[in-house]
Amino acid sequence: MFPEAEAAYISAIKSNARDSRVYVNLAQVYLETGRSDEAETILKAAIKLNPREFRAHNLLGNIYHDRKSYNAARYHYRNALAIEPTYYEAHWNLIATCFMLNRDEEALEHCRRYIELAPESEATNLRRAKIYLSGQRIE
(Lines give C-alpha, C1' and ligand atoms only; values in the text may rest on other atoms or scores of the structure.)
Protein backbone atom coordinates (compact mmCIF):
# COMPACT_ATOMS: atom_id res chain seq x y z
CA MET A 1 0.00 0.00 0.00
CA PHE A 2 2.70 2.50 0.94
CA PRO A 3 4.78 2.19 -2.26
CA GLU A 4 1.67 2.90 -4.34
CA ALA A 5 0.69 5.84 -2.17
CA GLU A 6 4.22 7.22 -2.27
CA ALA A 7 4.32 6.95 -6.07
CA ALA A 8 0.92 8.61 -6.38
CA TYR A 9 1.91 11.56 -4.17
CA ILE A 10 5.23 12.03 -5.95
CA SER A 11 3.37 12.02 -9.27
CA ALA A 12 0.86 14.54 -7.91
CA ILE A 13 3.68 16.82 -6.76
CA LYS A 14 5.28 16.63 -10.19
CA SER A 15 2.01 17.62 -11.86
CA ASN A 16 1.06 20.32 -9.31
CA ALA A 17 4.05 21.33 -7.20
CA ARG A 18 2.08 24.12 -5.50
CA ASP A 19 -0.36 22.00 -3.48
CA SER A 20 1.11 21.79 0.02
CA ARG A 21 -1.49 19.22 1.10
CA VAL A 22 0.06 16.63 -1.21
CA TYR A 23 3.44 17.23 0.40
CA VAL A 24 1.91 16.63 3.83
CA ASN A 25 0.33 13.39 2.62
CA LEU A 26 3.66 12.22 1.21
CA ALA A 27 5.35 13.10 4.50
CA GLN A 28 2.81 10.94 6.33
CA VAL A 29 3.76 8.00 4.09
CA TYR A 30 7.41 8.63 4.92
CA LEU A 31 6.62 8.72 8.63
CA GLU A 32 4.60 5.51 8.44
CA THR A 33 7.58 3.81 6.80
CA GLY A 34 10.14 5.10 9.30
CA ARG A 35 11.71 7.74 7.07
CA SER A 36 11.56 10.77 9.33
CA ASP A 37 14.46 12.59 7.63
CA GLU A 38 12.64 12.48 4.29
CA ALA A 39 9.41 13.50 6.01
CA GLU A 40 11.14 16.46 7.62
CA THR A 41 12.47 17.65 4.28
CA ILE A 42 9.10 17.38 2.54
CA LEU A 43 7.27 19.06 5.45
CA LYS A 44 9.65 22.01 5.33
CA ALA A 45 8.92 22.25 1.59
CA ALA A 46 5.18 22.23 2.34
CA ILE A 47 5.58 25.09 4.82
CA LYS A 48 7.69 27.03 2.34
CA LEU A 49 4.87 26.68 -0.20
CA ASN A 50 2.16 27.47 2.31
CA PRO A 51 3.26 28.85 5.70
CA ARG A 52 -0.33 28.29 6.93
CA GLU A 53 -0.14 24.51 6.43
CA PHE A 54 -0.92 23.68 10.06
CA ARG A 55 -0.76 19.91 9.58
CA ALA A 56 2.84 20.25 8.34
CA HIS A 57 3.74 22.19 11.48
CA ASN A 58 2.11 19.56 13.66
CA LEU A 59 3.91 16.69 11.94
CA LEU A 60 7.24 18.51 12.17
CA GLY A 61 6.52 18.93 15.85
CA ASN A 62 6.04 15.17 16.12
CA ILE A 63 9.38 14.54 14.42
CA TYR A 64 11.18 16.93 16.74
CA HIS A 65 9.41 15.55 19.80
CA ASP A 66 10.52 12.03 18.86
CA ARG A 67 14.08 13.36 18.56
CA LYS A 68 13.74 14.93 22.01
CA SER A 69 14.07 18.42 20.50
CA TYR A 70 11.23 19.65 22.65
CA ASN A 71 11.68 23.37 22.07
CA ALA A 72 11.53 22.86 18.30
CA ALA A 73 8.50 20.60 18.73
CA ARG A 74 6.75 23.21 20.87
CA TYR A 75 7.52 25.89 18.28
CA HIS A 76 5.83 23.93 15.49
CA TYR A 77 2.85 22.80 17.58
CA ARG A 78 2.28 26.41 18.60
CA ASN A 79 2.53 27.49 14.97
CA ALA A 80 -0.11 24.93 14.08
CA LEU A 81 -2.39 26.39 16.75
CA ALA A 82 -1.70 29.97 15.70
CA ILE A 83 -3.04 28.99 12.30
CA GLU A 84 -5.83 26.67 13.44
CA PRO A 85 -6.66 27.22 17.14
CA THR A 86 -9.20 24.39 17.20
CA TYR A 87 -6.73 21.76 15.97
CA TYR A 88 -7.08 19.45 18.94
CA GLU A 89 -4.22 17.16 17.87
CA ALA A 90 -1.71 19.98 18.37
CA HIS A 91 -3.17 20.66 21.82
CA TRP A 92 -2.70 16.98 22.67
CA ASN A 93 0.87 17.01 21.42
CA LEU A 94 1.66 20.13 23.43
CA ILE A 95 0.59 18.44 26.65
CA ALA A 96 3.48 15.96 26.58
CA THR A 97 5.94 18.44 25.08
CA CYS A 98 5.23 21.08 27.71
CA PHE A 99 5.53 18.52 30.50
CA MET A 100 8.93 17.50 29.08
CA LEU A 101 9.96 21.18 29.19
CA ASN A 102 8.66 21.56 32.78
CA ARG A 103 6.00 23.96 31.54
CA ASP A 104 3.28 22.31 33.59
CA GLU A 105 0.82 25.22 33.60
CA GLU A 106 1.00 25.46 29.83
CA ALA A 107 0.53 21.69 29.57
CA LEU A 108 -2.57 21.88 31.76
CA GLU A 109 -4.01 24.68 29.64
CA HIS A 110 -3.61 22.49 26.58
CA CYS A 111 -5.35 19.69 28.52
CA ARG A 112 -8.31 21.99 29.04
CA ARG A 113 -8.42 22.99 25.38
CA TYR A 114 -8.03 19.39 24.24
CA ILE A 115 -10.96 18.31 26.42
CA GLU A 116 -13.08 21.14 24.97
CA LEU A 117 -12.22 20.37 21.36
CA ALA A 118 -11.57 16.66 20.95
CA PRO A 119 -14.33 14.48 19.54
CA GLU A 120 -15.73 11.61 21.56
CA SER A 121 -13.83 9.20 19.31
CA GLU A 122 -10.72 10.35 21.19
CA ALA A 123 -12.08 8.74 24.38
CA THR A 124 -8.78 7.28 25.61
CA ASN A 125 -6.89 10.55 25.25
CA LEU A 126 -9.81 12.47 26.73
CA ARG A 127 -9.61 10.26 29.84
CA ARG A 128 -5.86 10.83 30.05
CA ALA A 129 -6.25 14.59 29.72
CA LYS A 130 -8.80 14.60 32.54
CA ILE A 131 -6.42 12.60 34.74
CA TYR A 132 -3.63 15.10 34.01
CA LEU A 133 -5.93 17.92 35.06
CA SER A 134 -6.78 16.12 38.28
CA GLY A 135 -3.13 16.36 39.26
CA GLN A 136 -2.12 12.77 38.66
CA ARG A 137 0.68 11.66 36.38
CA ILE A 138 0.25 8.88 33.88
CA GLU A 139 3.17 6.54 33.35
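A: A helix here is a DSSP run of H or I with at least four residues, and helices are numbered from the N terminus. The model is a predicted one, in which local features need pLDDT of at least 70, side-chain atom pairs count only at pLDDT 80 or more, and totals for chains, interfaces and linings use all residues. Residues are numbered from 1 along each chain as its sequence is written, and side-chain values use heavy atoms, with hydrogens and water left out.

Helix α7 covers residues 104–117, and helix α6 covers residues 88–100. N102 is found in the loop between α6 and α7. The relative accessible area of N102 is 68%, so N102 is exposed (over 50%; under 20% is buried, and partly exposed is in between, with a 1.4 Å probe and protein chains only). The phi of N102 is near 60°, which is a positive value in a residue other than glycine. Most residues other than glycine have a negative phi.

Next comes the packing of α6 against α7. Their axes (lines fitted to C-alpha atoms over the stretch in contact) come within 8 Å and cross at roughly 155°, on a scale from 0 to 180 degrees between N-to-C directions. The two helices are therefore roughly antiparallel (over 145 degrees; under 35 is roughly parallel, 65 to 115 roughly perpendicular and the rest oblique). Contact means heavy atoms within 4.5 Å. On the α6 side, the residues that meet α7 are Y88, H91, W92, L94, I95, C98 and F99. On the α7 side, they are D104, E106, A107, L108, H110, C111, R113, Y114 and L117. By class, the residues of this contact divide into 11 nonpolar, 2 polar and 3 charged. In this scheme Ala, Val, Leu, Ile, Met, Phe, Trp, Tyr, Cys and Pro are nonpolar, Asp, Glu, Lys and Arg are charged, and the others, Gly among them, are polar.

E106 lies in helix α7. Its relative accessibility is 15%, so E106 counts as buried. The side chain of E106 is joined to the side chain of R78 by a polar contact of 3.2 Å. A polar contact is a pair of N or O atoms within 3.5 Å; within protein, one must be able to donate a hydrogen and the other to accept it, and residues adjacent in sequence count only if both atoms are side-chain atoms. Another polar contact, of 2.8 Å, joins the side chains of E106 and R103. Not counting residues up to four places away in sequence, E106 touches R74, R78, L94 and C98.

Helix α5 covers residues 70–83. L81 is found in helix α5, and at 11% relative accessibility L81 counts as buried. Leaving out residues up to four places away in sequence, L81 touches Y87, A90, H91, L94 and H110. Among the residues of the α6–α7 contact are H91, L94 and H110. L81 and R21 are 60 residues apart along the chain, and their C-alpha atoms are separated by 17 Å.

H76 also has its place in helix α5. H76 counts as buried, because its relative accessibility is 11%. A polar contact of 3.0 Å links the side chain of H76 to the side chain of H57. Beyond its neighbours within four places in sequence, H76 is in contact with I47, H57, N58, L60, G61 and Y64.

Back at α7, the other partner to consider is helix α8, residues 123–133. The axes of α7 and α8 are 9 Å apart, and the helices pack at an angle of about 140°. That angle makes α7 oblique to α8. From α7, the residues L108, C111, R112, Y114 and I115 take part; from α8, they meet N125, L126, A129, K130, Y132 and L133. This contact has 8 nonpolar, 1 polar and 2 charged residues. L108, C111 and Y114 are among the α7 residues that meet α8, and L108, C111 and Y114 are also among those that meet α6.

E32 is exposed, with a relative accessible area of 60%.
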